[in-house]
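Take a look at the model below, then read on.

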Amino acid sequence: MNPTALIPAAQPIPVTWALFDGLLILGFWAHILLMNAVFGGGAIALVHSAGPGEPLSKQMSKKLPTMLALTINFGVAPLLFLQVNYGHFDYPGTILMGGWWLLTIPALLVAYYSFYIWDFKYATLNGLRRVFLGLGLLSMLYVAFMFVNNMTLMLVPEHWAGYLENGGRSILNLSDATLFPRFLHFMTGALAIGGATVAVVGRWKGREDFERIGLKWLMNGTLINMAFGLWFLIALPRQVLLAFMGGNAMATGALVVSVILAGLIVHATAVKNVRNGAIWAALTVLAMAVTRHMLRKLMLEPYFSVQDLEVTGQYSPMVMFFVTLALGLLVIAWMIRLFLNSRKEA
Ligand code: HEM
């Protein structure tokens, strides 16, 4: 079967594609940083749930439920921008995944409840603390695996016919050589960024032991991720790999910058500099988000180029969007100020 016959027609867009691509990358950056802080911070809390004084787990239990809510909220923004430019690849992917995809919603609910019970009943749960935290993390692992399936399936329309071969039952993208290295790369990255989160919490709370633990996870996660990143790279189709090896200046540049930034993380953690470690970590994730976006464009090149989308030139919704965004940000800044002032007074 000719896979191009399965791709729905692209819809016109109101303004240039570059705006939506830019907002997609920024939204994804915020989403994935938060997801990493929750998953990685939770996993580290699980490992260090007992210890002298107030355990790390207790400190993290106060932060993770809110951060999970923010992770999900910040998932909505990239979802909207993704559907504008790439909806005709992403939606077929989710439809073909069917039941697997729909199960992400109950999995998210389980994650939410588990983290809230872990936090609110921390004092009385005793041994069950680890059970609820572990359940929350397992649910997040499921959701992450489904996203990696979806994000890879949208790039390979030639795999979509697998749905028909499977007798019309939901499919995953398990035969894709990049699926597991990509998943492992994401989740190990989450452990590293979780380490950065724990180190920053330690700095705020004046807990040198948390800083030490966090920096160790940040360094080891980054080093291990270099190996998974290499595996991911060599699993890519040959022409895409060559594009990252100098064939495409933008793709190669983004990858090189990411690797240099990862090297700076290792240096900052080696000299025990929490602030620099956290800054380099956040910037590495941004550079990796750009690299990942370049990968999407290169993979879709045989089928589609975002530059070819028809632009209708309707500017008023964009103006409205930026005005409401600016107003929203002002209101949030005002709320945070009120909150901080009330805490100072208390
Ligand atoms: C808390 C559970 C969640 C986890 C662990 C998670 C994890 C991930 C991961 C690992 C990816 C990258 C996949 C890849 O590139 O292969 C991803 C992408 C994405 N996630 Fe989430 N996610 C979660 C919840 C959500 C929710 C609830 C939404 C939507 C409301 C969302 C929206 C997105 C979008 C739109 C992308 C792709 C963005 C892009 O194409 O650049 N996520 N997520």
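The lining of the largest cavity is made up of 3 nonpolar, no polar and 3 charged residues. (Here Ala, Val, Leu, Ile, Met, Phe, Trp, Tyr, Cys and Pro count as nonpolar, Asp, Glu, Lys and Arg as charged, and the others, Gly among them, as polar.) This is a predicted model, where local features need pLDDT of at least 70 and side-chain atom pairs count only at pLDDT 80 or more, while totals for chains, interfaces and linings use all residues. Residues are numbered from 1 along each chain as its sequence is written, and side-chain values use heavy atoms, with hydrogens and water left out.

**Cavities**

- Rolling a probe the size of a water molecule over the atoms shows where empty space is left.
- On a 1 Å grid over the protein atoms alone, a cavity is a set of points where a 1.4 Å probe fits but cannot get out, and lining residues have an atom within 4 Å of a point.
- Grid points are joined across faces, edges and corners, and a volume is the space filled by probe spheres set on the points.
- Searching the whole structure gives 2 cavities of 30 Å³ or more.
- The largest cavity holds about 40 Å³ of space, and its lining consists of Met-151, Leu-155, Arg-182, Arg-292, Leu-295 and Arg-296.
- Helix 12 (residues 274–300) provides the largest share of that lining, 3 residues; helices are DSSP runs (H or I, at least four residues), numbered from the N terminus.
- The second largest cavity holds about 30 Å³, and around it sit Leu-24, Ile-25, Phe-28, Ala-289, Arg-292, His-293 and Arg-296.
- Helix 12 gives the most to this second lining, with 4 residues, and helix 1 also supplies at least two.

**The ligand and its iron atom**

- Which residue is the only protein donor of the iron atom of the ligand? That donor is His-31, through NE2 at 2.1 Å (donors are N, O and S atoms within 2.8 Å of the metal, or 3.2 Å for Na, K and Ca; water is not among the atoms, so sites may look incomplete).
- His-31 belongs to helix 1 (residues 17–47).
- The ligand is surrounded by 23 residues, the closest being His-31, Phe-147, Arg-182, Arg-292 and Arg-296 (a residue counts if one of its heavy atoms lies within 4 Å).
- Helix 3 contributes the largest share of this shell, 7 residues.
- The shell divides into 18 nonpolar, 2 polar and 3 charged residues.
- Arg-182 has a polar side-chain atom 2.8 Å from an oxygen atom of the ligand, and Arg-296 also has one at 2.8 Å from an oxygen atom of the ligand.

**Aromatic pairs**

- There are 13 aromatic pairs (rings of Phe, Tyr and Trp, with its six-membered ring, whose centres lie within 6.5 Å; planes under 30 degrees apart count as stacked, over 60 as edge-to-face and the rest as tilted).
- The Tyr-112 and Tyr-116 pair is stacked, because the ring centres are 6.0 Å apart and the planes are at 5°.
- Tyr-112 and Tyr-116 are separated by about one helical turn because they are 4 residues apart in helix 4 (residues 104–120).

How values were computed:
On a 1 Å grid over the protein atoms alone, a cavity is a set of points where a 1.4 Å probe fits but cannot get out, and a pocket is an open set with protein on both sides within 12 Å along at least five of seven lines; lining residues have an atom within 4 Å of a point. A polar contact is a pair of N or O atoms within 3.5 Å; within protein, one must be able to donate a hydrogen and the other to accept it, and residues adjacent in sequence count only if both atoms are side-chain atoms.
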